[in-house]
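Welcome! Here is a friendly tour for anyone meeting this structure for the first time. Please have a look at the sequence and the model below, then read on.

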Amino acid sequence: MVIPIFWRKLFKKMKNSEPVNNNNKNQSKSSNSYISSYLKENEESIREAFGNSADLVLRKVKIGANQNINVLIVYIEGLIDNKLMSKTVIKPITTFPDNKLKSPSPNEIHNKLKESQLTVNHLTEVYKLEDILNKILDGYCALIVEGTNKALLCDVIGFEHRPVSEPINESAIRGPHEGFNETIRVNTSLLRRRIKDPRLTIEELTLGKIGNTKIDIIYIRGLANPKVLQEIKNRIKKIKDEVDSIQLSGQLEEYIQDAPFSPFPTILNTERPDRIVGALYEGRYAILVDGTPYNLIVPCTLGMFITSIEDYTQRFFYGSFLRLLRWVSFLIALTLPSIYVAITSFHQEMLPTNLVLALAAQREGVPLPAVAEAFMMEIVFEILREAGIRMPRLVGPAISIVGVLVIGQAAVQAGLVSAAMTIIVGLTAIASFITPIYSIGIAIRLLRFPIIILAGSLGLFGISAGLLAILIHLTSLRSFGVPYFEPFGPIILSDLKDSLIRFPFWAYRTRPKFTTHNSIRQTARLKPKPLRQEEKEIEHNYGDD
Amino acid sequence: MLEHGKISARQLFFILVLIRFVPVMLLCTYSYTLKTVQIAWLNDVLGVALSLLYLYLFVRLCKGFKDKTIIEYLESNLGPVFGKIIGIILVIHFFIIAASDARDMGETFTTTIMPETPIIVFILIIVFLGANAARNGLEVIARISEFTVPIILLFLFITISLNYKFIDVKNLKPFYFPQGFSELVQPTGSILSLYIGEFIIVGMIFPYLNKMQKCSKSVILATLFTGVLFVILCIDMIVIFGPTFKTLSIPILSLAKLIFIANFIERIEGIVILSWVLGSAIKIALFLWATAVGTGQILKLKSYQPLIYPLGALATVNSILNYERAADFINFFTGPWIVYSSTLSISLLIILYIAQALDKQKVKS
Amino acid sequence: MKNINFRQLLYLFLLLFSILILAGCWNRREIESIGFINSVGVDRNINNKIKLTVRIAKPFTLSGQQNTNVDERSFWLTEMTGDTVFEAVRNFLNHSPRRLFWAHNRFIIFGEEFARQGLNDAIDWFDRDNESRRTAQIAIVKGATAAESLQVEYELERDPSQGEAGVVEAAINGQSNIVDVKLHDFLLMLNSEGIEPVATRTDLVPTPQGPLDIRGNLKREKIGLTGKYIGAAAFKEDKLVGWLDGKQTRGLNWVKGKAKGGILVINNPKTGKRLVSIELIRSQSKIIPKVINGRPSIEVKVQAEGNIGDIQGQFDINLKTWEDMEKMMAEGIKDEIKACLRVAQKEFNSDIFGFGAAIYRNYPREWERLKNNWDEEFPNLSVKISVEAKLRRTGLILRTLQE
């Protein structure tokens, strides 16, 4: 096995390099210093580092035989679980048994606390002030026993977060109803629960010179291509100490994507753990960003944006039908208004006679040329859509009424807009909603406008030229070294099984060609076979006995 | 190496199929050379057979190139002066094909769907798109052709198959040559010259194949495939248009315009227009790429990309200025081109033999 | 686009945009600013100029929108002259507010006068123009000008061209006594060796004008003329030489293998007096040419199928009567073919069947010799007709109750 060895080496390198990187952060004076054995000094430097923030809590508790040794407890209010804290940290300290140790030295107290007294789950010992500062920001609480130059960090994390709930923007009829939330640890747990294998690796990085956002790179060892990991790390390393912070996965996406000027997203974002799990099994990488439920998958192809979990949960005929439907809608959403424009203002010969006369009758008296009409109506629709999303929930119906009645019916009746145009715009709008991933829908919506202009000036030639330009762009795009338009250009025959149509699962013999070297997924002979005749009879006769 | 991409043998197949499709779909000079319609398919068969022979010899010689393009190979074996002269001739040949293809496409659009639009608009846009694809390298060109050729084939299939109502098989008879066998020369030459004149580009693509030993297979297959398809297409034209086939300037469009089924499937020329744009732009891209790479190799440049847009501009100008009338274009492709292209291809074969002999001598000594 | 930077992108965008803005001025014509031509009639006027009459659709009368007026005619009939067809076409622009558009033209109608002088003067433009299509029907008006024939209207269709197309389609499929000749077919017949063209024939029928109008919609203006499609126009080269009636036309269709349907009436095999109608369903034909000692002869083999559709004076159908009826059916078909053959050979001397073409296809060398004096050969050409008729089914009634 070449890959794991290679990977291990790489991982070691990573491990070594990480603390070095961390040292450069937390720009305050005390950051590099060690914990002093004078409690006062420690207290002051912590206070100074936080600028005496209101939510910083520093509490001294007396401990020891004569109650003469102070223990400093440091934590940040709101990031810790108060009940847990009092049960596992405060109570053990305050009830410190002093009968066995007559006059314990601070070190002895420290060790006693560390080894047996504290009832927290997770406890670490640190020597640097900087570690304390970092960790209490994560919701740890730090204990420093007076007279020692080390601290104990207790895991009492417990801040408010949204519970795991149904993904809002990517729903499925028959599929898991769990979505990511804003907390990275919860999100990784969702993934862990689905891939119960030690080879699922989670590498954590912190990004930003101020924000210290946590980012997890997740992959399955032995499936994922290590070159891609290196590429991801290189790109992240470039921005690591430059950006202030990464608050959104979209922000990270813009920093590390392949084609910054492309309308097409080359990184997929999703709030569904099952989608990420599927991608991990194909040898892809997931990048989780703390603070956002939308997590990233790299490398990705165009086809993945058209895929929904629904394709896999339903029977494969229906799954294939859905796929085809989505590709068709993709094309409709991209080109329908422009085809309408091209045909009504250039190629009237391409419509059947009755249809052409009906369209001509509708456009009778419409003041704008078809191209302007299409452009205007599309923009009106975009405004309606945006308003519909941003609006307070209660006002929602009002917008649809205004949209339908005023824009639709009144405009058609007044003869400002042809009825056919409203049908076209409506159909386009519906078709553009069918994409399972929102970001590809945005690409389609943006590209629609230039194609309308092309259609309005050069007809079908313009549309063809526009589509060709998109095709050239798509075939030249790469997402982390993987051709974006795979498996259509280049055509990868073995990957076509999961593209335009979905093959049944037992036909998924290989993994995608470009993402992994470990390409064989399963043997070819998994097609279910009905029971042999005798066995069937036994089953049927069962009730008679 | 100037080009870093690698393409597969299958992609080469699709590229070659596409190259041959474009002149058939557009303004068709072939039908202009026909004298007796009902034996037109025989010209196809003869042309393809002769091309197969030529291409077999040519690709066998290509195998000696190893990691060089035809231009580098000739230069390294025939000496810088003579090699460069031949290289320049080849580059000009590729350039002419790109330019005339642009003109062919523009001519087609202005005679059919948009007569009032100046031809330069079509040529400019298509050449720009082609140049854009060419800038992205051979890999992208290969991928686009791989994606579009099946679509174009599908469209072609639709166009051919939906006209079954007009088919009259009797039009294929009689099989005889009223003016003797000499009437086969011009149409066969027209097909042969297009095949061998344009498939020379294999010499440019050859070093960029990931499996070079499969090259001859895909070239031969592409020739056979297109050959069989053209025979089918030609027979379809004959049985549908009968004697009027030779009068048509764009037979494929006429074929598509005939489709009329159940008052519903009719007027589907749109798919032909889409094929025109896709096909010609990719072909122009390929030949612009070959021109640029060839120029880059002759001048020993570090990259060819900066040459693409200027060459595209030149091709646009060339395509406009070369032919004043559509008749000039047709005359060129039914007469001088056949002689020029065949002479060039055949003498290139001889030169390659000499170069190979010199190469072997060099290896020995 | 690997190495493209933003500024390059902007320049490209500007360049393309300016091209597009410029391009917007050419070739664009909004759908509502176009006059869609339904049918065109070609005649010559007194000065021997070509006179085109066109029927242009008025879309605003056809759709169910607010301004629709049921009484309004859905077309505009207008005419224009010119030395050539194309000149006449362009001359329309001097008085038509909408640019004429030919792609939806369904009928090219020629007046009898014009057709007798030859269609070649007119037909090239319809094939050469990029808007016009080869699927337009070629029709010749008997005894009238094309301009008159464009005045026909049909009670059932608002758009007369729709009516004409409906009649033609129905007659082709249900009667086979007209010929289905589109421009494409006409050109093929015109340009092929050894066959003379035919074209669809149309007759004008004045509708009876009286006080009592029982033909439905009273609100519509009176319909003066309506069209009838039966028979065919026979040509010699591009010139009209004569007319075929319905029976003869079906004879032609038998020979060409294009008879798809129709009713053939034969005598009742039992009584001989009363009649039986046979519904024809399909046919095939074969023309077998022979050249013996330089003398050409033709054998026509026709296979036809039919169903019994209607029996007057009922009789029991047994094998014998069945075979009798088949024989009579074959005779009936033979009659029709002979009727057509007679007029083609003796009256028109025009090889509308394509016997010459059959000889050309099988004996091209002989044809080289024959074609120069085909006009003398054809009237005396010996044509052997053999018809094989098959009756398939009897409808819902299998046998009769009483005789």
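## Confidence in chain A

pLDDT is the predictor's confidence in each residue, from 0 to 100. This is a predicted model, in which local features need pLDDT of at least 70 and side-chain atom pairs count only at pLDDT 80 or more, while totals for chains, interfaces and linings use all residues. Residues are numbered from 1 along each chain as its sequence is written, and chains are lettered from A and ligands numbered from 1 in the order in which they are written.

Chain A has an average pLDDT of 84, with 90% of its residues scoring at least 70. Within chain A, helix H1 (residues 2–23) has the lowest confidence, a mean of 46, and strand E9 (residues 285–289) has the highest, at 93. Helices (H or I, at least four residues) and strands (E, at least two) are DSSP runs, numbered from the N terminus. Over residues 13–31 of chain A, pLDDT stays under 50, and the model has 17 contacts beyond four places in sequence for them. Two residues are in contact if their C-beta atoms, placed from the backbone, lie within 7 Å. Where pLDDT is low, the predicted coordinates should not be read in detail.

## How chain A is built

Chain A holds 18 helices and 12 strands. Of its 545 residues, 41% count as buried, meaning that 20 or more other C-beta atoms (placed from the backbone) lie within 10 Å of the residue's own. Among the contacts in chain A with a separation of 6 or more, 68% join residues 24 or more positions apart.

## Where domains 1 and 3 of chain A meet

Here 20 residues of domain 1 of chain A are in contact with 16 residues of domain 3 of chain A. On the domain 1 side, helix H7 (226–240) and strand E8 (268–270) of chain A are the elements that give two or more residues. H7(A) gives the most to that side, with 4 residues. The residues of this side divide into 11 nonpolar, 5 polar and 4 charged. Ala, Val, Leu, Ile, Met, Phe, Trp, Tyr, Cys and Pro count as nonpolar, Asp, Glu, Lys and Arg as charged, and the others, Gly among them, as polar.

## A helix in chain B

Helix H13 (residues 305–322) of chain B has 18 residues. From its first C-alpha to its last H13(B) reaches 26 Å, close to the 26 Å expected at 1.5 Å a residue, where the expected span is 1.5 Å times one less than the number of residues.

Which residues of H13(B) are buried? They are B:Leu307, B:Ile308, B:Leu311, B:Gly312, B:Ala315, B:Thr316 and B:Ser319. Helix H5 (80–111), helix H6 (119–135) and helix H12 (270–298) of chain B are included in what covers them.

## Chain C and its neighbour

Chain C brings 18 residues into contact with 22 residues of chain B. On the chain C side, helix H1 (6–23), helix H8 (183–191) and helix H11 (355–362) of chain C each supply at least two residues. H8(C) gives the most to that side, with 4 residues.

Conventions: A residue is buried if 20 or more other C-beta atoms lie within 10 Å of its own, exposed if 12 or fewer, and partly exposed in between; C-beta atoms are placed from the backbone.
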